[in-house]
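Colleague: I would like to learn how to read a model of this kind feature by feature, with the general idea before each case. Could we go through it together?

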Amino acid sequence: MPTIKDITALRHQGKLDEAYKLALYIQTHNPGEWADTAMFWVLRDMVMQLLIDSTDQNIEQAHHYLDIMENLLDRISDPSGVGANTITKIKRAILPNYNELMQCVELSKKNPSEAYNKSVIIAGKQGERLNVILHEDLGWIMFYYLKSLIENQEINEIRAILRDYLMLKNKRPSLLHSMILNIALQLAKMYPDFIFSNFIKLWGVNNFRREDLSDGYNNDKCVPSLISRVCARLSISNEPLVKELSEGTGLDISIIIDMYRKAFFWWMYNSKNDVEFLSIINSYSSRYGMYPSTEYHSEILKLVTKKLDENKSQQFVDFILKCKDAGFCERDWVENIDKNGRHHPSLVVRLAKRCFEHIKESKKKYHSDFVNSELIKVLSEIYDMIELRNAGDEWTARQRAIISVWTGDKEDAVSRYRKLLEIMSDKYYIWQEMAQCVEEPLLRVGFLLRAFELEKTESLIGPLCLQIAEILIDAGYTSDARKYLNDYAVFRNKQGKICPDCWRVLYERANSVDSEVSLNKNELVFNAMNFAYSDYAWRDFVLIGRFIVEGKSKISFTDGKTTFSVPTKRFKISKHVELGSIVRFKCIEDETKIIPLMFQIADLPKWSILPEDFAYVTYVNESKSAVSVITSHNEETFFLDNDKVFNVGDIISFRRGIKRTKQNNIIVDVLNPIICRKENALHVFERCTVAVDRVNMEKSLFHIIMEENLTGYVIRFADTELRPKVGDLLKLTYCIRTNNEGRKMLIVIDLQFTDETSEKLIKEVEGRLELKYKNRNEVANFGFVAGVYVPKHILQNERILKNCYVKAKAIIGSDGKWKVYKVVHKSFTL
């Protein structure tokens with residue numbers, strides 16, 4: 001049975017008639033796709049052989065074979081389109097004028113002008129005498145001719161041929177169509193009067209190939225994509241076709257617009273002078289400043305920020321305003337780090353500050369009420385974005401507050417300045433600026449006086465004096481105003497300058513009316529600070545220490561839970577304020593620290609806000625003047641006793657604070673310790689009933705069992721005057737100390753006999769006493785009554801030699817087991 005391989009072998013040998021017959025045979029006896037495919041390629045070879053001699057008879061036979069091939073193509077697999085392309089080539093080859101046109105195609109590569117002229121005779125200028133299938137070939141002839149005309153700069157001829165090409169019906173998109181667009185780009189570059197946007201519309205914005213949309217490479221060098229070059233040319237056109245290109249190519253409009261912006265960026269970058277640069281940025285902002293920000297808009301912002309210095313601030317803000325709708329992309333928010341590792345503000349922050357400084361300088365140059373409302377609105381939005389992204393610092397926060405002052409939104413400005421004071425309370429200018437937001441005259445004076453307190457530079461204090469004086473005169477406090485005017489005059493004399501006219505006007509006003517009322521500066525400053533920090537509640541602390549660290553004087557405070565210290569110079573609390581005095585603070589609090597903002601001395605008894613506690617002195621280190629104590633809560637701590645008034649065994653009352661050790665452990669801080677009478681403190685220490693279960697006269701001690709947890713402890717005769725017997729109940733007041741090994745040690749504060757009873761410690765038992773013997777002894781070693789253990793010495797003391805009935809008292813041990821310690825009654829009659 002012949003196979004497909006046999007057909008292929010005959011084809012390759014040129015035996016087409018035999019191959020054709022064999023293909024017919026296989027189609028008849030083994031039909032299917034493989035048989036049809038074999039026949040398709042046999043017919044292709046037969047057609048190509050016929051076209052070698054293009055007689056009318058051969059052409060007719062070729063048409064017949066072509067019809068069969070088209071029917072076969074519908075039945076075979078052709079995923080790569082090779083079969084379809086083969087049929088197209090055959091159709092072109094059997095068309096009239098095909099051979100002549102192919103000769104022109106070959107000639108166009110060597111003599112484009114002659115080839116074009118011959119093709120026009122065959123096909124007509126617009127291919128009107130040519131079958132549409134051959135329009136692609138005619139287009140290539142036109143391309144090579146256009147290429148030669150470009151080199152010779154024959155503009156009119158080029159325009160005409162481009163117009164003729166666009167009338168062809170060749171396949172689009174295609175390589176040829178893209179090459180023609182390249183020619184048009186070259187023409188537009190050479191002749192500005194060539195309206196490229198009109199041509200691209202006729203060319204068809206949806207006719208870009210996929211290859212035209214991405215950059216290529218030639219010898220490892222990047223070749224810009226066709227679409228990017230088209231965008232660069234259209235970017236300066238009166239009809240840029242942004243939307244049309246995006247829709248035609250399927251590219252997002254942001255990608256298209258960034259190509260336009262890239263072209264503008266390089267024109268700006270390569271501009272020869274300031275005039276050209278300004279012209280380009282004005283054109284850019286008018287054309288493309290309204291589109292959302294992209295990579296090259298960001299690069300343009302950087303370039304404009306760099307090239308338009310402070311002397312061109314008006315042109316800078318004009319550009320920003322025209323591009324206000326573009327916004328910013330993520331890269332604009334990234335901090336810059338130089339080669340030395342130093343951080344610099346992001347692009348957004350830098351341009352915001354430039355705009356801010358422009359408004360600030362404009363207000364100085366013209367008049368204080370100067371407002372560029374549009375710029376301020378845009379700038380407010382930018383600063384709000386900076387704040388939302390946490391991309392700024394205290395300076396951008398301050399500038400945002402000033403913007404609110406400019407817009408008259410004093411309520412918002414006050415809120416912002418209050419936040420600024422949390423971190424910049426020592427900066428005079430914050431208080432000075434916040435004064436502008438306050439309507440009440442004396443409150444404004446308070447803010448300015450606070451600024452006056454903080455700033456010591458005379459060149460800055462001078463203007464403050466004038467501000468304070470003017471407000472005081474308006475409020476009727478002329479005598480106080482004169483003082484500040486005189487201070488200003490002294491300052492000007494030191495500088496060797498005369499006072500300005502504004503000072504003279506204020507001085508005349510201050511002397512025209514006399515006022516005997518004098519203001520309390522401290523009260524004014526306090527009221528201003530209280531207003532500034534109104535978001536914070538007062539919190540009471542106790543002054544607990546004054547000390548010096550590394551040559552700096554500090555004072556410390558506590559409320560029993562939190563302790564902090566501040567430099568003395570920051571809060572001028574008089575040395576006459578004694579330790580233990582209650583000082584009220586407004587402060588910022590977080591989990592790790594307290595930042596005090598302002599204070600006032602409270603009219604409360606010393607130490608009164610701290611909880612009172614008691615402690616027992618366990619040890620005194622005389623060389624270090626340190627006293628170790630255990631509190632009523634069994635907390636071990638210490639304090640310094642420079643006057644050496646405390647001894648071991650003393651009970652003290654004190655105020656509780658907290659402090660950190662060198663190991664960063666938190667312990668109780670003993671404040672204001674005073675020796676107190678024992679009976680006044682017993683109620684706060686732990687107390688419990690205990691039972692004496694053993695007495696050792698030889699070692700001068702006895703052993704007790706605690707009622708609460710049956711824990712046993714030894715008490716030495718030296719620690720108490722009591723000499724109890726086994727079975728006695730005592731009332732114990734105590735605290736527990738843990739030694740270095742972790743062992744708990746009982747410290748007796750008070751021990752007394754008690755008439756109380758405790759069924760947990762002592763109980764009565766009765767019943768038959770059963771004696772127990774070891775090793776067949778004649779004398780019992782121990783016994784049991786009602787399940788309670790009876791020791792041998794009890795049997796001996798009571799002379800019990802045999803089983804009997806008894807009533808007895810038992811005491812529980814630290815092991816939880818009961819044992820008899822006393823026989824109350826015994827009977828040998830059972």
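This is a predicted model: local features need pLDDT of at least 70, side-chain atom pairs count only at pLDDT 80 or more; totals for chains, interfaces and linings use all residues.

Colleague: What is the peptide bond from R172 to P173, cis or trans?

Modeller: Most residues other than glycine have a negative phi, and most peptide bonds are trans. The bond from R172 to P173 is cis, its omega being near 0 degrees.

Colleague: Where does N634, which has a positive phi although it is not a glycine, lie in the chain?

Modeller: N634, with a phi of about 60 degrees, belongs to the loop between β11 (626-631) and β12 (636-640), and its relative accessible area of 23% makes it partly exposed. R799 also has a positive phi without being a glycine, here near 55 degrees; this residue lies in the loop between α29 (792-797) and β23 (804-812), and at 72% relative accessibility R799 counts as exposed.

Colleague: How many helices and strands does the protein have, and what is its radius of gyration?

Modeller: There are 29 helices and 24 strands in the protein. For the radius of gyration, the reference is a compact globule of 830 residues, which would have a value near 28 Å, whereas the protein has 53 Å. Along the principal axes, the C-alpha atoms fill a box of roughly 155 × 115 × 40 Å, and 46% of the 830 residues count as buried.

Colleague: How should I read a pair of aromatic rings, and how are the planes of W140 and Y144 placed?

Modeller: A pair of aromatic rings is described by the distance of the centres and the angle of the planes. The count comes to 42 aromatic pairs in this model. For W140 and Y144 the ring centres are 6.3 Å apart and the planes stand at 35 degrees, so the pair is tilted. These two residues are four apart in helix α8 (residues 135-152), a separation of about one helical turn, and Y144 is partly exposed at 25% relative accessibility. For F328 and W333, by comparison, the centres are 6.0 Å apart and the planes are at 80 degrees, so that pair is edge-to-face. F328 counts as partly exposed at 23% relative accessibility, while W333, at 11%, counts as buried.

Colleague: Which residues form one aromatic cluster, and where does the charged end of K659 sit?

Modeller: The cluster is formed by Y260, F264, W267, Y284, Y288, Y291 and F319. The charged end of K659 sits over the ring of F638, at 4.1 Å from the ring centre, and that of K763 sits over the ring of W818, 4.5 Å from its centre.

Colleague: Which parts of the chain does the pair of K606 and E578 link?

Modeller: K606 and E578 form a salt bridge whose closest N and O atoms are 2.7 Å apart. This pair links distant parts of the chain, K606 being in the loop between β9 (594-601) and β10 (612-621) and E578 in the loop between β7 (563-567) and β8 (582-589), 28 residues apart. K606 is partly exposed, with a relative accessible area of 42%, and E578 is partly exposed as well, with 46%.

How values were computed: Residues are numbered from 1 along each chain as its sequence is written. Side-chain values use heavy atoms; hydrogens and water are left out. Rings of Phe, Tyr and Trp (its six-membered ring) pair if their centres lie within 6.5 Å; planes under 30 degrees apart count as stacked, over 60 as edge-to-face and the rest as tilted. Buried means under 20% relative accessible area, exposed over 50%, partly exposed in between (1.4 Å probe, protein chains only). A charge sits over a ring if NZ of Lys or CZ of Arg is within 6 Å of the ring centre and within 35 degrees of the ring normal. The radius of gyration is taken over C-alpha atoms; the globule rule is 2.2 Å times the number of residues to the power 0.38. A salt bridge is a side-chain nitrogen of Lys or Arg within 4 Å of a carboxyl oxygen of Asp or Glu.
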